Amino acid sequence: MFKKMFTLLIAVLFVIPFAVIADDFDDDFGGDEEESEEAEEEDEEEASSKKKSKEMSESDAAMKDLMGDSEEEKPAEEEKESKNVEKAAPAEKAAAGKSFTGVKPVLLVKGGFAVMGQYKVLKEGTTKPSTMNSMFGSVDEGILGVDYQGAHVIARGTLNLRTNNALIEEAVNNPLMKENLHSIQDGVANALYEVYGGVKFYDVFIKAGKMLPEYGLVDTWQELGMGFSTPFLTRSLIVVEGFLPETDAGIALGYNSIIKNDHNIFVGLSLGTGSNKSEFWYSDKTLGIYGRIGYGFKDYLKAAFAFQYRTDYFQYKDGVPDSKGKLGKNVDLIGIGVHLRGGYAGFEMPLTFDYNIMKMVDGTAKTLKTNLQGMLFSAAPGYAYHFNHEWVDKVALALRFDFVKGVYLSKDGGYIDSTNFKAKSSYFRIGVTANFFTKELAGVRAMAGLTFLMQPETKVTKTQKDYGFTTVVLQAGAEF
């Protein structure tokens, strides 16, 4: 410590004064001839300014050298830009990921308490549904871990500390929603949300482990965003509806680059075995290929085209072996998606469209069924008003509309059973949220607010209904 203090004293006494004296000497005695033309004076001033900047840079370098600092430290402008990136929201960090290196903690918590609302449940042996009050609390997204971005090595390890949600457990009939929810909750191994390592070179990366599939803009949901709560609104709709595994164990190859500080080009392809499983069908794994290609422009636009091809391996619960002695069959799902995210002058618009073609099984005849289709559409226009305040960053208001075509009749039925799925039926959800966001404090941003969400009752068949739900949620969240 004493050595460093002594070195600093020498630098202050000799290096900096010498640079200043040199500057003054050049200014006062730089030449004997006077320039008469205005253009030549401007050229001389510009040259003098450049010389001063160079000498100050050399003085700073000498100071750093005396203090034992690295010679490869970033210039002031690059350091300032790096700090701005660190302060940016997670989506902005992703877009500027090329500039951010090193180890950083990952924290994202979104949840709330449903203070009022209701849903209906048709209990076994009854013909009329029972009305239930939706008063409960839940952590809808709780990602905790670390992320490392090195010059050529990348790694990430996170947990998802999600809790049960009564709306998904009881109020909806989609068994795939429960599968994606429970794939995180059931067991410590499944709670490991993303655990992968990889390498990158010239913006090309290779990753292996458990990770989000390279699909659409699923990863951009890992931020506070406009602050919607409940599982339907904290994650990408295709993930919540279960048509895309939330995490996949496998390998991924891609390219992600920032061009001229404004344009983000990203391409990704991943191969993995999903965690979706069905006790009804004795299905314990899926094999999928997922890909995306996208473009982003500053914070104004991010767009991606995505595709997936997934095969589900299963065995009949009480089936009879086929001619080859096999009890199992393979069913396929093909999905394509177009995901957009725009923003300008406080306005924000996430927009998603996904179309899925599913091969399903007739649960009665135990034969393969022809392909059935499902479609998802979601829009969430919003506006944020920014404040010049010590700790309040902005107040945001957003609307939400989801449309789902392809409805399951029972949450306890098989998710590949065509008798449990009505492709021509549909339902929708509408909602509104109002939130305030805090400015970053010790690297943490937070939000709190109120969400209203409703899925109206829908007639699925002539005799069966999807009863939907209504809920009002007090919510809060934080991110690092």
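## Aromatic pairs

Let us start with the rings: a search of the whole structure, which is a predicted model, turns up ten aromatic pairs. Rings of Phe, Tyr and Trp (its six-membered ring) count as a pair if their centres lie within 6.5 Å; planes under 30 degrees apart are called stacked, over 60 edge-to-face, and the rest tilted. Helices (H or I, at least four residues) and strands (E, at least two) are DSSP runs, numbered from the N terminus.

Elsewhere, Phe297, Tyr300 and Tyr344 form one aromatic cluster.

## Charges over rings

Some rings have a charged neighbour. A charge sits over a ring if NZ of Lys or CZ of Arg is within 6 Å of the ring centre and within 35 degrees of the ring normal. Lys302 lies over the face of Phe266, at 5.3 Å from the ring centre. Likewise, the charged end of Lys394 sits over the ring of Phe437, 4.7 Å from its centre.

## Salt bridges

Side chains of opposite charge can pair when their charged atoms come close. A salt bridge is a side-chain nitrogen of Lys or Arg within 4 Å of a carboxyl oxygen of Asp or Glu, and by this rule the count is 20. One of them joins Glu194 and Arg156, whose closest N and O atoms are 3.1 Å apart. Glu194 sits in strand 5 (residues 192-201) and Arg156 in strand 4 (residues 153-160), so this pair links distant parts of the chain, 38 residues apart. Both Glu194 and Arg156 are buried. They also belong to a network of salt bridges that links Lys104, Asp147, Arg156 and Glu194.

Arg292 and Glu214 are both buried, with Glu214 at a relative accessible area of 6%. Lys207 also counts as buried, at 11% relative accessibility.

## Two loop residues with positive phi

Most residues other than glycine have a negative phi. Asn261, however, has a positive phi near 65 degrees. Where is Asn261 found? Asn261 lies in the loop between strand 7 (248-259) and strand 8 (263-274), and is exposed, with a relative accessible area of 62%.

Ala442 is not a glycine either, yet its phi is positive, at about 55 degrees. Ala442 is in the loop between strand 16 and strand 17 (445-455). With a relative accessibility of 71%, Ala442 counts as exposed.

## The chain as a whole

Stepping back, the chain has nine helices and 20 strands. Of its 480 residues, 44% are buried. Its accessible surface comes to about 25500 Å², and 60% of that belongs to carbon and sulfur atoms; such areas come from the Shrake-Rupley method with a 1.4 Å probe, and for residues only the protein chains shown count as cover. Among contacts (heavy atoms within 4.5 Å) between residues at least 6 apart in sequence, 63% join residues at least 24 apart.

## Confidence and conventions

The predictor's confidence in each residue is given as pLDDT, from 0 to 100. The chain has a mean pLDDT of 78, and 71% of its residues reach 70 or more. Over residues 1-39, pLDDT stays under 50, and the model has 28 contacts beyond four places in sequence for them. Residues 62-98 also stay under 50, with 41 contacts beyond four places in sequence.

In this predicted model, local features need pLDDT of at least 70 and side-chain atom pairs count only at pLDDT 80 or more, while totals for chains, interfaces and linings use all residues. Residues are numbered from 1 along each chain as its sequence is written, and side-chain values use heavy atoms, with hydrogens and water left out.

Key: Buried < 20%, exposed > 50% of the residue type's maximum accessible area, 1.4 Å probe, protein only.
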